[in-house]
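Please look at the structure below before reading on.

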Amino acid sequence: MNTYANLENPIEFYISEETASYVNNSKKPFTIYYDNPEHSVRLLKGDCIAILNQARENSVDMIFADPPYFLSNGGITCHAGKMVSVNKGKWDKSKGVIENHKFTLEWLKACQRILKPNGTIWVSGTTHIIYSVGFAMQELGYKILNDIIWYKRNAPPNLSCRYFTHSTEIILWAAKNEKCKHYFDYQLMKKINQGKQMRNVWEISAPPAEEKKLGKHPTQKPVELLTRILLASTREGDLVLDPFCGSSTTGVAAIMLNRKYVGIDLEDEYLHLSRNRLEQAIKEKNATLCLQGEYKK
Ligand SMILES: C[S@@+](CC[C@H](N)C(=O)[O-])C[C@H]1O[C@@H](n2cnc3c(N)ncnc32)[C@H](O)[C@@H]1O
């Protein structure tokens, strides 16, 4: 592993000289876990707020953030037909409404600073956090563009039988501020929706087994969801950041669509899975290019 300060910056996401000396003083706030300049893909290990606060202002085209939902608090859920307690990891435990909201405000503020003036951010969540995210966005002056309802037809049943079965997540799409002239590929979205305007309810299944063949993340998103998000709001060559990258579903979609990618996570286990998935996506992309006779190198 390298320290961030030693590397060139093919993806224009770097820390200042000042921070470089901080890094060299061995109080390393983060490390580069994986770097592939040829494909403009990078994974950083550390707390995303600390990292983003050191990154260059106005440097990222689009952010997809899938933060902790603070769900792992002793409740029950259904997994593979069995009743299990919800325990996705220490990172998913609630610290109480006020502290959770402070955290949300802090990382959303850090994201807003590094977004380019016309950049946008997507944030996914369930009722546990999404109202806090929406409120924080309004407090910070983001412009909320859409609330996407992601409907999972294959959601697991509700075992308690005391509620309607949860089968949706909300994804808020917001521009950096009110003045932002955000990018939206309206025509492409219409085209993939059989020529009709695309609405804000997206029916996409939870990730298939194929997407978990290299290992599992407890809250993995489907590649189809991230593909649609990237196609709607970015162009080829854009830099996409995922501050809570988990297994790097965002990175897999970014590689397939020729976008640059930086993913951040705290956990070695997830960064390891991310690296394997990113390398697999690069191999698959090269194989496709090879078939089309376009593979260079
Ligand atoms: C909801 S999961 C993301 C799942 C991801 N979208 C995927 O498809 O695999 C959230 C991730 O954020 C990481 N995380 C939690 N707090 C963090 C922090 N302060 N900085 C960086 N990563 C964090 C967790 O380790 C976890 O992997």
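On the face of α4 turned away from its buried side sit the exposed residues T127, Y131 and Q138. Exposed means that 12 or fewer other C-beta atoms, placed from the backbone, lie within 10 Å of a residue's own; buried means 20 or more, and partly exposed is in between. The model is predicted: local features need pLDDT of at least 70, side-chain atom pairs count only at pLDDT 80 or more, and totals for chains, interfaces and linings use all residues. Residues are numbered from 1 along each chain as its sequence is written.

*Helix α4*
- Helices are DSSP runs of H or I with at least four residues, and strands are E runs of at least two, numbered from the N terminus.
- The buried residues of α4 are I129, S132, V133, A136 and M137.
- Seen down the axis of α4, these buried residues fall within an arc of 140° (taken from the directions from the helix axis to the C-beta atoms), so they line one face of the helix.

*Nonpolar core*
- The largest nonpolar core has 60 residues, of which I63, F64, C111, I121 and V240 touch the most other members.
- Such a core is a set of buried Ala, Val, Leu, Ile, Met, Phe, Trp, Tyr and Cys residues joined through C-beta atoms within 7 Å.
- Helix α6 (residues 223–233) gives the most to this core, with six residues.

*Ligand*
- Around the ligand are 18 residues, and D66, F244, G246, S247 and T249 come nearest; a residue is near if its C-beta atom, placed from the backbone, lies within 6 Å.
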